[in-house]
Amino acid sequence: MKTEADVYPDTPVLEAAIADETFSSFAASLQQAGIRAVRHHRHIRQVQIALAQLTCVVGLATLFWFTRSEPQQLAHVAPVIAPATHGAASAHYISEAQMLAMFPNGSCALAEVNGRKELVFLELSSTRRVEKY
Amino acid sequence: MPPRQPEAALPPLVAFLANRTRRDTAARIETQAEQADREFRDWTRRISRGDEHAFTHFYELYHLRIYKYLLALTRGNEHDAREVLQTVILKAAKSFKVFPDDQRLWAWLCRLSRNAYIDLLRRKNRDSRFVPIDDRSLDFAAAEPSKDRTEQAFADAMAQLPEEEQELVREAYVDKRPLQQLAIEAGSTYKAMESRLGRLRLKLKTNVLTLLRNENRS
């Protein structure tokens, strides 16, 4: 492979001619400025990388926190929903007096037939048996 | 005594050996080229990551090369060439990339140089109080200067020097012979030789810049 020196053997003379004293001092200060720019750019890069890592950590922590707290919220909601769904079942537990109060006074009574409590209606037309209350 | 090879078998054997040698050589060259590319890529990667030593090496290798290119681009305007060189080096320091080889890196540096020079001309046009009638400077800047124009101008400038002076500068800067030795041979003092070479350098530089400027006019 041909180098510049092979193609232009006089290149060192050209470089000596164009790189005079004023250029040498300019080139030295430019080199220092370049190194400072490289250093500055490296610091910026390091800060950017650190910020990116921090963002990732915060993001992951937030995600972790949300995924952990979600079942707790559901568990907290569940007791509120439960009475509504079991509202019908709670009618089981009204007392006998409360049940009798739901009908006109003297129209029915509680009677025990073969060891089971039954609601007996006193008028013939409306007499029927409620097997279970 | 080894058995005699049949004569017909020799050419294929020779061809086989020649092919094998060629293959081995090609593989070796390819491996060397790959390794050189890898080293170049690693070097540019180190610069892009902010390695100061790698950047210093880059600067030593390329700053004069860029300056020569800029002298051709600016038509021998030293001041502009230096200003653009400064912009290019600082831009390169800030946004260096990874390059697989010298060609790509040089192409990138040339592009940076052209863009920086165009920006400089635009700025100058904006700042100047008078609007030029024939504003072709941006076209000139956008045009790629012919390859090695500075070297061509330098060759012409060297040709303008007397034979003796050409020999002297070559001995001093190409052969790197000690100044003291050159002074003794010329029958002068070290100081006188140093001054003479200084004058020759200045003369060469002036001639190169003048040739580049005149190239613009022609």
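Start with chain B: of its 218 residues, 24% count as buried. Buried means that 20 or more other C-beta atoms lie within 10 Å of the residue's own; exposed means 12 or fewer; partly exposed is in between, with C-beta atoms placed from the backbone. The model is predicted: local features need pLDDT of at least 70, side-chain atom pairs count only at pLDDT 80 or more, and totals for chains, interfaces and linings use all residues. Residues are numbered from 1 along each chain as its sequence is written, and chains are lettered from A in the order in which they are written.

**Stop 1: chain B as a whole**

Color chain B by secondary structure. Chain B has 9 helices and 0 strands. Along the sequence the pattern reads α-α-α-α-α-α-α-α-α. Helices (H or I, at least four residues) and strands (E, at least two) are DSSP runs, numbered from the N terminus. Now consider contacts, where two residues touch if their C-beta atoms, placed from the backbone, lie within 7 Å. Among those in chain B between residues at least 6 apart in sequence, 65% join residues at least 24 apart.

**Stop 2: Phe40(B)**

Select Phe40(B), in helix H1 (residues 10–48) of chain B. Phe40(B) is partly exposed, because 17 other C-beta atoms lie within 10 Å. Leaving aside neighbours within four places in sequence, Phe40(B) is in contact with Phe99(B), Pro100(B), Asp101(B) and Asp102(B).

**Stop 3: helix H4 of chain B**

Select residues 102–127 of chain B. This is helix H4, with 26 residues. From first C-alpha to last, H4 of chain B reaches 37 Å, close to the 38 Å expected at 1.5 Å a residue. The expected span is 1.5 Å times one less than the number of residues. Which residues of H4(B) are buried? They are Leu105(B), Leu109(B), Ser113(B), Arg114(B), Ala116(B) and Tyr117(B). An α-helix has 3.6 residues a turn, so residues three or four places apart point the same way.

**Stop 4: two loops with positive phi**

Go to Arg75(B), in the loop between H2 and H3 of chain B. Arg75(B) is not a glycine, but its phi is positive, about 55 degrees. Arg75(B) counts as buried because it has 21 C-beta neighbours inside 10 Å.

Then jump to Lys176(B), in the loop between H7 and helix H8 (179–186) of chain B. Lys176(B) is also a residue other than glycine, with a positive phi near 55 degrees. Is Lys176(B) buried or exposed? Lys176(B) counts as exposed, because it has 8 C-beta neighbours inside 10 Å.

**Stop 5: a hairpin in chain A**

Move to chain A and select residues 108–113 and 116–121. These are strands E1 and E2 of chain A, paired in the antiparallel sense over 6 bridges. Strands pair if DSSP finds at least two bridges between them. Leu110(A) stands opposite Leu119(A) in E2(A). Glu112(A) stands opposite Lys117(A) in E2(A). The hairpin has 2 residues between the strands, and Asn114(A) takes a positive phi near 55 degrees.

**Stop 6: where the chains meet**

Show both chains. The contact takes 28 residues from chain B and 25 residues from chain A. On chain B, helices H2 (52–73), H3 (78–94), H6 (149–160), H7 (163–174) and H9 (190–217) each supply at least two residues of the side that touches chain A. H2(B) gives the largest share of that side, 9 residues. By class, the side of chain B that touches chain A has 16 nonpolar, 4 polar and 8 charged residues. Ala, Val, Leu, Ile, Met, Phe, Trp, Tyr, Cys and Pro count as nonpolar, Asp, Glu, Lys and Arg as charged, and the others, Gly among them, as polar.
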